[in-house]
Amino acid sequence: MVSHMRPNKLFSDYQFGFLSGRWTTLQLLHVLEKWTKILDNGGSIDTVYLDFMKAFDTVPHKQLIGKLKSYGIAEEIISWVKSFLSGRKQQLRVNSSYSEFKQVTSGIPQGSILRPILFVIYINDLPEMLDSNCYMFADDTKVFRQIQTTDDNDALQRDLSHIETWSNTWLLRFHLDKCQIMKADVLIIEPFYGGSHKQMVDLLQSKIRDCEVMTMKAKKWHWRARTGALYLSQQIPYSHNYRTLFASSVLNLAELIALRPDLQGLTKILYFHENQLVYPIKKQQDRDFQYGYNQIISCMVADMVVFNSKYNMESFLSSIRTFLNLIPDYRPKALDDAIRPKCQVLYFPLDLSDRNGDQSIEGLKPESSAHINNTDNILSDSQCQIGDQLTKSQDSDIKDKEGNLTCAKDPCLSEAKHSNFVKPLHIVWAHRWEHDKDPDTFFEVVTSLSESGREFDLSVLGEQYTDIPGNKGTALRMQKPL
């Protein structure tokens with residue numbers, strides 16, 4: 001049978017069980033390639049896992065013979081298979097009581113090399129019935145489809161109906177309790193996927209199971225803030241099992257929910273990397289009212305508003321009334337009072353390794369445990385606390401003979417202790433080099449330190465630019481090699 005089916009390319013390309021040259025890993029690679037392409041293009045996937053009920057034991061003999069004939073298998077082989085399957089009887093025993101013998105009309109006998117190949121032939125035509133992707137390993141079947149619109153959802157449902165029809169026709173039932181639909185629980189949205197925004201999304205994605213991420217490239221920030229919600233509203237699938245939506249404050253969340261009211265019932269978490277009410281600008285008249293307004297109304301529709309620092313939170317809340325006074329008339333009232341109960345601080349998570357590479361430091365603690373008591377699971381997964389690592393580090397601190405606190409594990413300090421050498425102050429600038437970070441004030445201080453004769457090391461990090469603004473040239477001349 002195999003020598004007939006394989007040369008004539010009759011075996012389904014989507015069956016990876018009990019056939020030489022095909023195995024579980026190969027099927028996994030095929031599926032992952034398709035899933036990766038869909039996800040890389042910003043799509044989403046619905047996957048249905050199906051399990052036949054007592055698959056090998058319920059294959060009806062009459063229908064099996066009909067399938068063998070349909071594939072053009074020689075009559076001599078079919079007659080031999082008939083003889084192999086027919087003339088079998090079974091009897092049921094309960095304690096000392098026996099039923100009458102009954103003719104066996106279904107099932108492929110166990111222990112035979114024919115068992116797997118006959119079953120594979122019997123279900124061989126199932127993938128041909130579907131428009132969606134279908135991959136099988138023997139009786140284990142998964143069906144998946146990219147979902148972008150309600151039409152895609154309807155198409156997947158039609159395929160499931162075709163599978164049900166096939167099951168009823170060929171008398172091979174599915175075990176409904178073992179069939180599962182896999183969809184993401186958490187939707188993470190980032191209209192400006194770059195810098196700290198990208199780091200946040202990547203870390204959340206690595207820590208949260210069953211999450212789906214939708215991003216836009218980190219270009220043209222102003223356009224992302226203005227129009228990102230409209231674009232993303234068309235990308236988010238209508239068929240979903242999301243329970244939580246996590247987005248940065250670049251997104252106009254209120255606009256998204258208005259465009260996609262089906263997302264209203266989700267737990268909506270808004271994360272502030274920065275707030276546009278007090279964000280530093282060169283000239284106050286250049287401040288665009290729309291960006292701050294978008295953040296305020298986004299907070300109004302969010303269930304939880306998370307800031308990366310207490311300063312960020314308080315500066316935003318305390319500026320709402322002053323900011324809204326820019327409206328010439330019909331000003332809304334007490335929005336800060338409505339937003340404040342939703343707010344909490346969760347320091348920006350980090351993923352670090354110590355210098356020896358044998359420990360992991362995954363993030364920072366929230367301001368207080370009270371901030372996370374009532375949060376959704378996404379926050380618990382995304383905190384990435386350093387916990388024990390910090391505790392161990394603090395416990396290892398000891399006092400030297402002069403009573404000064406030192407870290408016993410720091411080889412540099414141990415060396416300094418024995419050589420009576422005091423390391424110079426090490427100053428680090430780890431920000432983008434732009435006006436909103438106020439680098440000029442920083443380097444006024446650095447210049448004063450240098451002129452006073454104070455020895456120090458200076459590391460200038462962060463993004464690099466072709467043109468060096470402000471006093472950076474002076475700063476770089478002061479920098480010492482490490």
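1. Two strands count as paired here if DSSP finds at least two bridges between them. The model is predicted. By that criterion, strand E1 (residues 45–51) and strand E7 (residues 140–146) pair in the antiparallel sense, over seven bridges. Within this pairing, Leu50 stands opposite Thr141 in E7.

2. E1 and E7 belong to an open sheet of four strands, ordered E6-E7-E1-E8, with antiparallel pairing. The edges are strand E6 (133–137) and strand E8 (180–182); each has a single partner strand, so one side of each has no neighbour in the sheet. The twist from one strand to the next averages 20°.

3. A second open sheet has six strands in the order E10-E9-E11-E12-E13-E14, with parallel pairing. Strand E10 (211–217) and E14 are its edges; each has a single partner strand, so one side of each is left without a neighbour in the sheet. Neighbouring strands are turned by 20° against each other on average, direction ignored.

4. At one end of that order, strand E9 (residues 186–193) pairs with E10 in the parallel sense over six bridges. Leu187 stands opposite Glu212 in E10. Helix H8 (residues 221–235) packs on the sheet and touches E9 and E10; its direction makes about 135° with that of E10. H10 also packs on the sheet, touching E12 and E13, and its direction makes about 150° with that of E12.

5. Helix H11 deserves a check of its length. At 1.5 Å a residue, its 15 residues (310–324) should span 21 Å; the end C-alpha atoms are 22 Å apart, which agrees. H11 also has a kink of about 30°, centred on Ser318.

6. Which residues of H11 are buried? Asn312, Met313, Ser315, Phe316, Leu317, Ser319, Ile320, Phe323 and Leu324. These buried residues pack against strand E12 (267–272), helix H10 (289–301), strand E13 (304–307), helix H12 (335–339) and strand E14 (343–345).

How values were computed: Residues numbered from 1 in each chain as written. Predicted model: local features only at pLDDT ≥ 70, side-chain atom pairs only at ≥ 80, totals over all residues. Heavy atoms only, no water. Helix = DSSP H or I, 4+ residues; strand = E, 2+ residues; numbered from the N terminus. Expected span 1.5 Å × (residues − 1). Bend = angle between axes of the 7 residues up to and from the residue. Buried < 20%, exposed > 50% of the residue type's maximum accessible area, 1.4 Å probe, protein only. Contact = heavy atoms within 4.5 Å. Axes fitted to C-alpha atoms, helices over the stretch in contact; angles between N-to-C directions.
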